[in-house]
Amino acid sequence: MTIPFFHPSNLTREFELEPGEVVLAEVRKHWFVFTLELLPFAIIAVLPFAFAPLLSIAPPLANYANLASFGTGIGRTVLGIWLLIVWTSAWGAFTRYYLNVWVLTNLRVMEVIQHNYFHREVSSVLLNRVQDVTTEVKGALFSLLNIGNIHVQSAGTVDEFHMDGIGGPAALRDIILKKVSEQSKTDGV
Amino acid sequence: MPDQPLTPFTGLPFHIAISTGAATAWALVAVLLFWAVYTAVAVYHWVKYSHAASVASLAIVVHLAVSGVLLLFVLVGALLP
């Protein structure tokens with residue numbers, strides 16, 4: 001049984017691969033970077049639970065600590081609404097994380113940037129147009145986890161492709177350069 | 001200059017009274033609307049752009065499940081005194 005929404009023809013509509021073109025890799029931000037992006041949501045989620053204890057330790061405000069109690073119906077409702085909003089926002093962050101992707105094929109690099117739900121940017125550069133690939137790894141923790149940034153500069157364009165916080169940027173650079181080299185030989189350059 | 005004595009302001013010609021229950025109900029409706037619209041837009045993006053049916057299905061199911069639990073918590077809280 002095929003679910004209509006998830007029919008393969010719907011899923012491949014955005015990327016029409018050329019004959020003989022195969023997807024080599026899909027690259028997203030490293031999971032650790034995404035976890036860091038989730039931290040503010042986690043802090044916001046636990047704020048209501050810290051509110052009452054914080055009020056009780058401040059003598060002038062101690063009388064208001066009961067307002068932050070979740071034993072009452074209104075307290076639980078407010079807490080539930082708070083958590084629902086935080087959860088939905090965090091899930092939205094995961095959605096944007098997943099939709100921001102680099103797709104590397106044997107012919108080109110495609111960059112998909114989902115700025116927000118109503119601003120989506122899809123661009124691609126043929127491998128035989130790639131002039132320079134730069135990677136950088138900054139910071140002790142990112143060096144340990146091998147997380148860094150990659151920049152691809154193509155010929156004849158001011159803009160360059162860049163993605164920050166990916167895992168193994170050097171390995172991806174090597175794959176791109178290898179494919180660029182293969183493309184150059186194929187084109188007889 | 002007015003030649004009549006000033007009359008004190010007696011307030012608006014209608015009475016506005018908002019109970020806590022009504023305010024809670026309106027807040028619930030607003031949050032549910034926000035959640036429904038946001039979820040619909042996000043699900044549309046998952047379905048159209050994720051290019052991975054398994055990940056999209058899992059993400060949508062988890063979101064609906066967690067949201068369902070939270071909504072139940074909200075509704076139970078709203079029904080409590």
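So, aromatic pairs: there are eleven of them over all chains in this predicted model. By a pair I mean Phe, Tyr or Trp rings (for Trp, the six-membered one) with centres within 6.5 Å; under 30 degrees between planes is stacked, over 60 is edge-to-face, and the rest is tilted.

Take Phe32(A) and Phe142(A): centres 6.5 Å apart, planes at 80°, so that one is edge-to-face. Phe32(A) sits in helix H2 (residues 31-56) of chain A and Phe142(A) in helix H4 (residues 140-145) of chain A, so the pair ties together parts 110 residues apart in sequence. Helices here are DSSP runs of H or I, at least four residues, numbered from the N terminus. Phe32(A) is buried at 17% relative accessibility, while Phe142(A), at 25%, is partly exposed. Cut-offs: buried is under 20% relative accessible area, exposed over 50%, partly exposed in between, with a 1.4 Å probe and protein chains only.

Next, Phe34(A) and Phe94(A): the centres are 5.6 Å apart and the planes at 55°, so we call it tilted. This pair links helix H2 of chain A to helix H3 (residues 73-99) of chain A, 60 residues apart. Both rings also belong to one aromatic cluster with Tyr97(A), Tyr98(A) and Trp46(B).

And Tyr98(A) has Arg28(A) over its face, 3.7 Å from the ring centre. "Over" means NZ of Lys or CZ of Arg within 6 Å of the centre and within 35 degrees of the ring normal.

Housekeeping: residues count from 1 along each chain as written, and chains are lettered from A in written order. Local features need pLDDT of at least 70, side-chain atom pairs 80 or more, totals use all residues, and side-chain values use heavy atoms, without hydrogens or water.

Methods
Helix = DSSP H or I, 4+ residues; strand = E, 2+ residues; numbered from the N terminus.
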